[in-house]
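Hi everyone, thanks for making time this morning. Please have a look at the sequence and the model on the screen, and then I'll walk you through a few things.

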Amino acid sequence: MQHWILKRAIAVSLCGLVATTVAIGADRTAWVDTWACAPDSAGALLKAQTVRQIVRTSVAGTQVRIRLSNLFGSGPLTVGNVHLASHATGADIVPGTDHALRFEGKSGVTIPKGQSVWSDPVAMNVGALQELAVSIYVPPGSVDGPSTIHNAGLATAFVNESGDATSTVHFPADETSGNRFLITDIAVSGPVARQTVVAFGDSITDGVGSTPGANQRWPDYLAARLQVDKSLATIGVANSGIGGNRILQDNFGPSALARFDRDALDKPGVHWVVLLEGINDIGGSGYAIAAKDKVSAQQIIDGMKTLIARAHTKGVKIYGATLTPFGGAGWPYHSVVGEQEREAVNTWIRTSGAFDGVVDFEAAVRDPAHPERMLAAYDSGDHLHPNSAGYQAMANAIDLKLFHP
């Protein structure tokens, strides 16, 4: 799946598109994201099918609810039964753990075009780093258009073609997919205050290059580290990475500027954001045809300043992550000029004081002998995306003191 970022066929221009969301409560610490993915495009239509998706939590809770999105739909989307259970193996769930979710007391919900909805809370003991299965049934005639998806799921979604199989223990999968369908968040609450850190970025935050199905993205490794420290074990991690994402322009989904409120600042319990963006603005400039896609380091920095200001307006701390090396990723994506821009942006991140803190991902994965390149042991093979070991090194480079009260 490492090559998909440069070969994806559908480019969506949605600057300014914002989904309307049903609020989940006034207390920002009552609910936190235990899992998330950012919607990025319109995908295959689900029709008279059940899709079962496996996710891994980051933080524990005693109540659960999920968010479904119709952001990229062409019209209203009607969803039938939705179930949540503990994952066993493959497409199967643990018997006796299945919970039917409700939406304003009903078993299904119609989601207007461009909007998203939260399910009602359900009592369920969810552990940290636990795998859950989310099963969604889309009945016949529910919509005549595409489903909202997240492309690089790095996990297997199981699809049944025979109708409603949401409560089935041994799920009869007729096909599989590497996409995420409709679901964007799983939130938990409990008896103690808790908070969320949002990992906001591009394919490197999305985990492209890591082992599929293994939960080895750098936000996954960060969640595991937080659980080791009991004083930080109530912090959830929401992954809002999108492959190909840029700060300034839409590319394989809305730009960081267009989606920041929805995919970062509106997350339940958000208290911190780790921003890793800009590499695609630089790389995209190398092969850009349109003048708007040819951007400078200063334009990238100005975009970061805008994101910082918006985070601070909401009372959210934002940490700047240095851009990782991508020498060898191929010309014109990587070039002498592009390397100079990356270094200029990284110098600003480290020295400007504009961010509330700095996470030095570049230092964690670069080759000391060739600083413009990633260390071979951390390279997935395309010289742009780290492998699982590289993502672990990135997570290990994060000072957990950044998340202390």
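**Cavities, a sheet and a helix pair**

Let's start inside: the largest cavity has a volume of about 240 Å³. Keep in mind that this is a predicted model. In total, the structure holds 3 cavities of 30 Å³ or more.

So, what lies around the largest one? Its lining has 22 residues, and those nearest the centre are Trp35, Ala36, Arg217, Asp220 and Asn239. Two or more lining residues come from each of strand 2 (31–36), strand 4 (49–56), helix 3 (218–228) and strand 19 (235–241). By type, the lining splits into 10 nonpolar, 7 polar and 5 charged residues.

Let me zoom in on one pairing: strand 7 (residues 82–86) and strand 12 (residues 131–138) run antiparallel and are joined by 5 bridges. Which residue of strand 12 is the bridge partner of Val82? That would be Ile136.

Last stop, two helices. How do helix 6 (residues 297–313) and helix 7 (residues 336–351) meet? Their axes come within 9 Å and cross at roughly 35 degrees, and the crossing is right-handed. Helix 6 brings Ala297, Ile300, Ile301, Met304, Lys305 and Ile308 to the contact, while helix 7 brings Glu341, Ala344, Val345, Trp348 and Ile349. Those contact residues divide into 9 nonpolar, no polar and 2 charged.

Methods. Residues are numbered from 1 along each chain as its sequence is written. This is a predicted model: local features need pLDDT of at least 70, side-chain atom pairs count only at pLDDT 80 or more; totals for chains, interfaces and linings use all residues. Side-chain values use heavy atoms; hydrogens and water are left out. Two strands pair if DSSP finds at least two bridges between them. Helices (H or I, at least four residues) and strands (E, at least two) are DSSP runs, numbered from the N terminus. On a 1 Å grid over the protein atoms alone, a cavity is a set of points where a 1.4 Å probe fits but cannot get out, and a pocket is an open set with protein on both sides within 12 Å along at least five of seven lines; lining residues have an atom within 4 Å of a point. Grid points are joined across faces, edges and corners, and a volume is the space filled by probe spheres set on the points. Ala, Val, Leu, Ile, Met, Phe, Trp, Tyr, Cys and Pro count as nonpolar, Asp, Glu, Lys and Arg as charged, and the others, Gly among them, as polar. Axes are lines fitted to C-alpha atoms, for helices over the stretch in contact, and angles run from 0 to 180 degrees between N-to-C directions. A crossing is left-handed if the near helix is turned anticlockwise from the far one by less than a right angle, and right-handed if clockwise. Contact means heavy atoms within 4.5 Å.
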